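Please examine the sequence and model shown here before reading the report.

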Amino acid sequence: MPSVPAALPQPTLRTSLQSQGIVTLQKQASKTRYVQHTLYVSPVKRGSGIEIIEDILPVYQISVLIM
């Protein structure tokens with residue numbers, strides 16, 4: 001299975017967020033803009049297939065480059 005960089009020849013964005021982070025980029029054509037959301041949580045496994053988010057941690061000085 002190819003890695004993500006190999007599967008995406010031109011990435012949409014790059015970020016310095018750590019591996020537990022989630023970054024989404026959505027196009028809002030009706031308003032002619034893009035909306036970028038950043039979330040960093042540390043899920044805790046509870047049982048089979050259940051992950052609980054106990055704490056939402058603040059992060060600072062995160063860079064996001066939209067290409």
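The report covers confidence, a charged pair and backbone torsions.

This is a predicted model, in which local features need pLDDT of at least 70, side-chain atom pairs count only at pLDDT 80 or more, and totals for chains, interfaces and linings use all residues. Residues are numbered from 1 along each chain as its sequence is written, and side-chain values use heavy atoms, with hydrogens and water left out.

The protein chain has a mean pLDDT (the predictor's confidence in each residue, from 0 to 100) of 82, and 87% of its residues reach 70 or more. Helices (H or I, at least four residues) and strands (E, at least two) are DSSP runs, numbered from the N terminus. Confidence is lowest in helix α1 (residues 4-7), with a mean of 62, and highest in strand β5 (residues 64-66), at 89.

A salt bridge is a side-chain nitrogen of Lys or Arg within 4 Å of a carboxyl oxygen of Asp or Glu. The count by this rule is 1 salt bridge: Glu54 and Arg46 pair through their side chains at 2.2 Å, N to O.

Two residues that are not glycine, Thr32 and Gln61, have a positive phi. Most residues other than glycine have a negative phi. Thr32 is located in the loop between β2 (21-28) and β3 (33-45), whereas Gln61 occupies the loop between β4 (51-56) and β5.

The table lists relative accessible area; buried means under 20%, exposed over 50%, and partly exposed in between (1.4 Å probe, protein chains only).

| Residue | Relative accessible area | Class |
|---|---|---|
| Glu54 | 43% | partly exposed |
| Arg46 | 41% | partly exposed |
| Thr32 | 72% | exposed |
| Gln61 | 82% | exposed |
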